[in-house]
Amino acid sequence: MTTGTSEQHIVSYGKLTAIWLALLALTALTVWVARHNVGIGHVWGSLAIAVIKGGLVIAFFMHMKYEGRLLRWLLFFALSVLAIFIGLTFFDVLYR
Amino acid sequence: MSGGLHKDNAGAKLGMWLFLFTELLLFGGLFLLYAAYLARYPREFGAAGREMHLGFGTLNTVILITSSLLVAMAVTAIQRGARRMVLLLLGGTVLCAATFLFNKYLEWSAEIGNGIYPGSSRLTAGPPGESVFYSLYYLTVGLHGLHVLIGATLLTFVAVRVQRGTIHAGDYVLLENGALYWHLVDLIWIFIFPLYYLIL
């Protein structure tokens, strides 16, 4: 009990369960949106819901909300690299 | 290994996150390929995507989200020193992983039974966009399935260490990193699900 991680943060079962319920609700929502075809908007809607779900998993399940600056900036950097890859590829693919 | 050696838990976690970033870029590359080919073959992707089994996809999404909750609770439990609870939660997570893979087996069996697999006569005779879709599908979902298998093995190994008492409330970075890996598996699926099962 003495040598725990210095920045130890305990997320309660209740909070984790609340996140789980939110993830289930978003899953139900995204399936509903896909079944009731609401035009081209459903592609972006589905992806937006996936981004929110991913954000919840990273922030609470993966404890990123309670991590220090280093990990947060590294996550931001990794996601930015991915966004640049995607952006530049589509700049090529769409305007060829 | 243990004894009086210095242990750097923050460093161990940083290392795990760096590895997870490479995983994000790996799957990100596959999603990018999917998006670029979707832009090229929208009609064929649409036709192929409508044949996907939404039921299996949704069920597996719920299973993975639940397993992610269980492993997150296991980290809370170890922090509180509740060893028995940790073992129960890890057992539940591995059970979810096994159920996920069993569903995958049923789903792929049905698809392969319908003549849908890379190089099948149906796909080689069909339009090129369709075989591209299914090749990407088998590659991405297969690689994800491999991660499920690795994650479940890793968490089983962690559970054994918890049982033996080498992972405990004072030193649990291995459980934390195992949980992070498992959440990544969930995270990737959260994006596979809409891309392959919903948007088309």
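**Close-ups of a predicted two-chain model**

**View 1. His63(A) sits in the loop between helix 2 and helix 3 of chain A.** This is a predicted model, so keep that in mind for every view here. The backbone of His63(A) is worth a look: its phi is near 65°, a positive value in a residue other than glycine. Is His63(A) buried or exposed? With 22 C-beta neighbours inside 10 Å, His63(A) counts as buried, because the cut-off for that label is 20 or more.

**View 2. Helix 1 and helix 2 of chain A come within 10 Å of each other, axis to axis.** The two axes cross at roughly 170°, which means that helix 1 of chain A runs roughly antiparallel to helix 2 of chain A. On the helix 1 side, the residues making the contact include Leu16(A), Ile19(A), Leu23(A), Leu26(A) and Val33(A). Helix 2 of chain A answers with residues including Gly45(A), Ile49(A), Ile52(A), Leu56(A) and Phe60(A). Lysines turn up too, with Lys15(A) from helix 1 and Lys53(A) from helix 2 among the contact residues. Sorted by class, this helix-helix contact has 13 nonpolar, four polar and two charged residues.

**View 3. Chain A meets chain B through 40 residues of chain A and 35 residues of chain B.** On the chain A side, helix 1 (13-35), helix 2 (41-61) and helix 3 (69-94) each supply at least two of the residues that touch chain B. What classes of residue make up that side of chain A? The count comes to 26 nonpolar, 13 polar and one charged.

Conventions
Residues numbered from 1 in each chain as written. Chains lettered and ligands numbered in written order. Predicted model: local features only at pLDDT ≥ 70, side-chain atom pairs only at ≥ 80, totals over all residues. Contact = placed C-beta atoms within 7 Å. Helix = DSSP H or I, 4+ residues; strand = E, 2+ residues; numbered from the N terminus. Nonpolar A, V, L, I, M, F, W, Y, C, P; charged D, E, K, R; others polar. Buried ≥ 20, exposed ≤ 12 C-beta atoms within 10 Å, placed from the backbone. Axes fitted to C-alpha atoms, helices over the stretch in contact; angles between N-to-C directions. Parallel < 35°, antiparallel > 145°, perpendicular 65-115°, else oblique.
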